[in-house]
Amino acid sequence: MKRIAKFEKVSYEQFKEGWTDCFGASGEEEIKAAYEKIRLPRRATAGSAGYDFFAPADIKLAPGETVKIPTGIRVWMEPEWVLKCYPRSGLGFKYRLQLNNTVGIIDSDYYASDNEGHIFCKMTNDTNEGKTVELGEGEGFMQGIFVEYGITLDDDATEIRNGGFGSTTK
């Protein structure tokens, strides 16, 4: 098995900025406590392909509601690899919980961005059965799978990334 990546926590300052952006103003102690409890993604079993990401707080989503979640996580990975993020299978199956961008793509060069490569997740409860989704703090809600990719023979990309969503098409 190739070992090609390493998960890390972002700095407290970066997490606080993300937390405030997602959940609004909170007390310093609440944010520090959430930061201290961040668990690095991990596989549940030796045969699992996905690395589970864990909720930094209790999250409740009524039908049709959306939430943006600061994971507090960044990932260094070898070039020519990508981390693809999906809802955990059970949550998608039971509740139609969906990532708003369908599949989250974390490129290897995102790690060096100004935001430290902080991975966010924006999810919507797209139930058609009226079900409310309740995620407890520390519960797995998203999974990431590392995939190797190739490029075309005539590829000449030389630009350097700095940013997240939409930063590579500016």
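Guide: Buried means a relative accessible area under 20%, exposed means over 50%, and partly exposed is in between (1.4 Å probe, protein chains only). The model is predicted: local features need pLDDT of at least 70, side-chain atom pairs count only at pLDDT 80 or more, and totals for chains, interfaces and linings use all residues. Residues are numbered from 1 along each chain as its sequence is written, and side-chain values use heavy atoms, with hydrogens and water left out.

Visitor: Does Trp19 count as buried or exposed, and at what relative accessibility?
Guide: Trp19 is one of the H1 residues that make the contact with H2 (heavy atoms within 4.5 Å). Trp19 counts as buried because its relative accessibility is 3%.

Visitor: At roughly what angle do the axes of H1 and H2 cross?
Guide: H1 covers residues 12-23 and H2 residues 28-36 (DSSP runs numbered from the N terminus: helices are H or I, at least four residues; strands are E, at least two). Their axes come within 10 Å. On the H2 side, the contact includes Ile31, Ala34 and Tyr35. The axes, lines fitted to C-alpha atoms over the stretch in contact, with angles from 0 to 180 degrees between N-to-C directions, cross at roughly 115°.

Visitor: What kind of pair do the rings of Trp19 and Phe23 form?
Guide: Rings of Phe, Tyr and Trp (its six-membered ring) pair if their centres lie within 6.5 Å; planes under 30 degrees apart are stacked, over 60 edge-to-face, and the rest tilted. Trp19 and Phe23 are four residues apart in helix H1, so about one helical turn separates them. With ring centres 4.7 Å apart and planes at 75°, the pair is therefore edge-to-face.

Visitor: Which residues do ring pairs link into a cluster?
Guide: A search of the whole structure finds eight aromatic pairs. Phe23, partly exposed with a relative accessible area of 31%, belongs to the cluster. The cluster linked by ring pairs consists of Tyr12, Phe15, Trp19, Phe23 and Tyr35.

Visitor: How many residues apart in sequence are the parts tied together by Phe7 and Phe146?
Guide: Both Phe7 and Phe146 are buried. Their ring centres are 5.7 Å apart and their planes at 50°, so this pair is tilted. Phe7 lies in strand E1 (residues 5-9) and Phe146 in strand E11 (residues 140-148), so the parts it ties together are separated in sequence by 139 residues.

Visitor: Over the ring of which residue does the charged end of Arg39 sit?
Guide: A charge sits over a ring if NZ of Lys or CZ of Arg is within 6 Å of the ring centre and within 35 degrees of the ring normal. Lys131 lies over the face of Tyr95, at 5.9 Å from the ring centre. For Arg39, the charged end is 3.7 Å from the centre of the ring of Phe54.

Visitor: What is the phi of Thr102, which is not a glycine?
Guide: Most residues other than glycine have a negative phi. Thr102 is in the loop between strand E7 (97-99) and strand E8 (104-107), and is exposed, with a relative accessible area of 62%. Its phi is positive, about 70°.

Visitor: How far apart in space are Lys122 and Glu17, C-alpha to C-alpha?
Guide: Lys122 is in strand E9 (residues 120-125) and is partly exposed, with a relative accessible area of 45%. Not counting residues up to four places away in sequence, Lys122 touches Thr66, Val67, Lys68, Gln98, Leu99 and Asn100. Lys122 and Glu17 are 105 residues apart in sequence, and their C-alpha to C-alpha distance is 16 Å.
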